[in-house]
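Please consider the model shown below. The paragraphs that follow lead through a selection of its helices and strands.

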Amino acid sequence: TINGLVAGSYFALGAIGLTLVYGILQLTNFAHGDLLTLGAYVAYIFNVSNGMPFVVAMAISIVLVALFAIVTELVMFKPMRKKRAGILQLILMTIGLAFVIRYMIQLFAGTEQRKLDVNVTDTINFLGLSIGRTQLIVVIVGLVVLTAIAMMLRYTSLGRQMRALADNFDLAETTGIDTGRIVIYTWMLSGALAGLAGVMVAASIGSFTPNTGFTILLSLFAAVTLGGIGNAFGALAGGMVIGITQEWSTLVIDAEWKVAISFLVLIIVLVVRPQGIFGRERTL
């Protein structure tokens, strides 16, 4: 359960960023997993290569990945939307962006495993259980950030405007909402959460490669689908369910099959409730 909470924390962080972009722009961003990888490598540059404290490197990673996400919106996706590109073209662009990020990382950093300068040996014991100190930090940071995001979406003006765009983009624009500004904020938040999730993955797992983000992308999609596509609160719940389910399954099966079990749970839930945990039923 502890391991599941750790995994669920970074699954939820990544899934919320993924579902925000889909909810507002109806865009399935296949490059999102590689944004996580980019976050891990940016943190590595400042934490290991330049000897900065882990917290500082993590903050820089969050900012730089958020800026990178904004740049992709301004350079790639916004011009294509103005040209009325179809959803297939936009999805293909995200796939291409994913390969560009992954292979640029390989070009400059190589393919060998990297490790952040964090303590992965110290443990904290409570109630007869033990958790790594770094893993505990991952859970705490994840829960704090996820709570802050939930509160922002529910109670702030920005959150209400983002939810309005997710409900009906055109109607939100006619009511006077600056949709262009909200889209930029959406990409910024999605990139920031991806950068944070990537650092959390690298810190909790202990090592990472250029393919790390890609390997967990399917789990992120599973979390988004399980919670309800386009629903940020559903992504939070879905991430936790996927993380805990994967780890619980190792009680009875080999760990290499745990991802398959989480997808089995996803299929069962969707058979019972096709719209996901927090999704809404479609009506004509």
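Helices here are DSSP runs of H or I with at least four residues, numbered from the N terminus. The model is a predicted one. In that numbering, helix H10 covers residues 232-249, and Thr245 lies in this helix.

Is Thr245 buried or exposed? Residues under 20% relative accessible area count as buried. Thr245 has a relative accessible area of 15%, and it is therefore buried. When neighbours within four places in sequence are set aside, the contacts of Thr245 are Ile261, Ser262 and Val265.

Helix H10 also packs against H9. The axes of H9 and H10 are 7 Å apart, and the packing angle is about 125 degrees. Because of that angle, H9 is oblique to H10. The crossing in which H9 passes H10 is right-handed. On the H9 side, the residues that meet H10 are Ser219, Ala222, Ala223, Leu226 and Gly227. Their counterparts in H10 are Gly234, Ala235, Gly238, Gly239, Val241, Ile242 and Gln246. Sorted by class, this contact of H9 with H10 comprises six nonpolar residues, six polar residues and no charged residues.

The crossing of H2 and H9 is right-handed. From H2, the contact draws on His32, Gly33, Leu36 and Thr37. From H9, it draws on Thr212, Gly213, Phe214, Ile216, Leu217 and Leu220. The residues of the contact between H2 and H9 fall into five nonpolar, five polar and no charged.

The strands remain to be described. Strand S1 consists of residues 123-126 and strand S2 of residues 129-132. S1 and S2 pair in the antiparallel sense, over four bridges. Within this pairing, Phe126 stands opposite Leu129 of S2. The two strands form a hairpin, with two residues between them. Leu127, in the turn, has a positive phi of about 55 degrees.

Key
Residues numbered from 1 in each chain as written. Predicted model: local features only at pLDDT ≥ 70, side-chain atom pairs only at ≥ 80, totals over all residues. Heavy atoms only, no water. Left-handed = near helix turned anticlockwise from the far one by under 90°. Contact = heavy atoms within 4.5 Å. Nonpolar A, V, L, I, M, F, W, Y, C, P; charged D, E, K, R; others polar. Buried < 20%, exposed > 50% of the residue type's maximum accessible area, 1.4 Å probe, protein only. Pairing = 2+ DSSP bridges. Axes fitted to C-alpha atoms, helices over the stretch in contact; angles between N-to-C directions. Parallel < 35°, antiparallel > 145°, perpendicular 65-115°, else oblique.
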